[in-house]
Each structure stands twice: as C-alpha cells, then as structure tokens.
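Hi,

Here is the structure I promised to pass on.

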Amino acid sequence: MKILHSCMAVIAMSILVNQVWAQSCPSDMVAVGPVCVDKYEASVWSDAAGTGTRYGASADDYPCSDNGNDCPTRIYAVSRDRVTPSRFITWFQAQQACANVGKRLLTKPVQHQLRGTRPDRSTRGVCLCLGGV
C-alpha cells in the first residue's frame with residue numbers, strides 16, 4: 001500500500017508540474033517536459049515578425065553560407081500555423097535562425113519525446129525551437 005501511495009504522489013506531482021510548465025509557455029509554444037517547444041515547424045524570414053523575405057520555401061536562398069556564420073543580415077525562425085516550414089537549411093543556419101529569436105534547436109531526447117505528443121507525429125522539420133520556461 002505504501003508503494004501505491006508513493007506512485008500516486010509522484011503522478012499527482014507530475015501532473016501539477018506539467019500544468020505549471022504549460023502555463024509558463026508563450027502562446028506560440030507548448031510544454032514538453034520542462035521546456036517550451038514551438039507548436040509548428042519554423043519558416044525562416046528576414047524579419048522576426050515573419051514579414052519581409054521568406055527563405056527556404058522552394059530553394060536554398062538563405063543569405064548566409066552553410067556554416068551560418070557569415071549572414072550579412074539576420075534570419076529569424078517563426079513558428080506559424082498553416083505555413084509550410086522552410087527547407088534546404090543546414091543545422092548551422094537553423095541554429096542561427098532560432099538564436100536570433102532567443103531560442104535554440106531541439107536536442108535528440110526532446111525530439112524523441114515529441115514523436116508521441118505532436119499532432120503530426122513529425123520532427124523532421126528544419127527548425128523546431130526550444131524556449132526557456
């Protein structure tokens with residue numbers, strides 16, 4: 001009986017913690033464990049508001065080289081519903097786009113956890129970003 005009460009306490013604590021985490025995420029993100037993750041795979045833009053030039057829609061047209069270190073202008077990852085994610089992007093470019101909006105790319109463990117929670121069951125997009133909680 002003691003083990004059952006301990007398990008119930010852990011489950012209750014887990015539910016409470018998850019509710020607190022979920023309440024801490026910005027509206028364009030969802031809680032996955034202790035982190036907030038973009039709801040949608042990112043499209044990459046020349047402006048943080050998702051306006052201006054859109055990159056990676058149909059070609060490798062990013063303003064920086066594959067190493068992401070020589071962008072003459074900033075690129076920004078924007079998570080939006082019903083917008084096709086940008087493609088033709090390297091990990092380094094995607095990292096820059098996420099960093100420019102105060103986020104970072106997902107780690108492998110979080111990607112595995114997402115496979116069971118995201119509606120489209122896909123984490124193969126260019127840039128799902130993490131934000132702080």
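Predicted model: local features only at pLDDT ≥ 70, side-chain atom pairs only at ≥ 80, totals over all residues.

Below is what I found, starting with the overall picture and then going into the details.

The mean pLDDT of the protein is 74, with 67% of its residues reaching 70 or more. One is residues 1-22, for which the model has six contacts beyond four places in sequence. The other is residues 119-126, with 18 such contacts.

Now the layout. The protein has three helices and seven strands, and from the N terminus on they run α-β-β-β-β-β-α-β-α-β. Of the 133 residues, 34% are buried. If you take contacts between residues at least 6 apart in sequence, 63% of them join residues at least 24 apart.

Next, the sheet. Three strands make an open sheet in the order β4-β3-β5, with antiparallel pairing. The edges are taken by β4 (54-55) and β5; each has a single partner strand, so one side of each is left without a neighbour in the sheet. Strand β3 (residues 42-45) pairs with β5 over four bridges, in the antiparallel sense. To find your way along that pairing, look for W45, which stands opposite Y76 in β5, and for S43, whose bridge partner in β5 is V78.

Which way do the residues of β5 point? Y76 and V78 go one way from the strand (residues 76-79), and A77 and S79 go the other way. In a regular strand the side chains alternate between the two faces of the sheet. In β5, residues on both sides are buried: Y76, V78, A77 and S79 all count as such.

Helix α2 (residues 91-99) is worth a look too. Its buried residues are Q93, A94, A97 and C98. Seen down the axis of α2, they fall within an arc of 135°, so they line one face of the helix. The spacing makes sense, because an α-helix has 3.6 residues a turn and residues three or four places apart point the same way.

Then the aromatics. How many aromatic pairs does a search of the whole structure find? It finds two. In one, the rings of Y55 and Y62 have their centres 6.0 Å apart and their planes at 40°, so the pair is tilted. The other is W91 with F92, an edge-to-face pair at 5.3 Å centre to centre and 90° between the planes. As for burial, Y55 and Y62 are both buried. W91, on the other hand, counts as exposed at 53% relative accessibility, and F92 as partly exposed at 46%.

Is D38 buried or exposed? D38 is buried, with a relative accessible area of 2%. The side chain of D38 is joined to that of K103 by a polar contact of 2.7 Å.

Cheers

Technical notes:
Residues numbered from 1 in each chain as written. Heavy atoms only, no water. Buried < 20%, exposed > 50% of the residue type's maximum accessible area, 1.4 Å probe, protein only. Helix = DSSP H or I, 4+ residues; strand = E, 2+ residues; numbered from the N terminus. Arc of directions from axis to C-beta. Polar contact = N/O pair within 3.5 Å; in protein donor to acceptor, adjacent residues only side chain to side chain. Pairing = 2+ DSSP bridges. pLDDT = per-residue confidence, 0-100. Contact = heavy atoms within 4.5 Å. Phe/Tyr/Trp six-rings, centres within 6.5 Å; stacked < 30°, edge-to-face > 60°.
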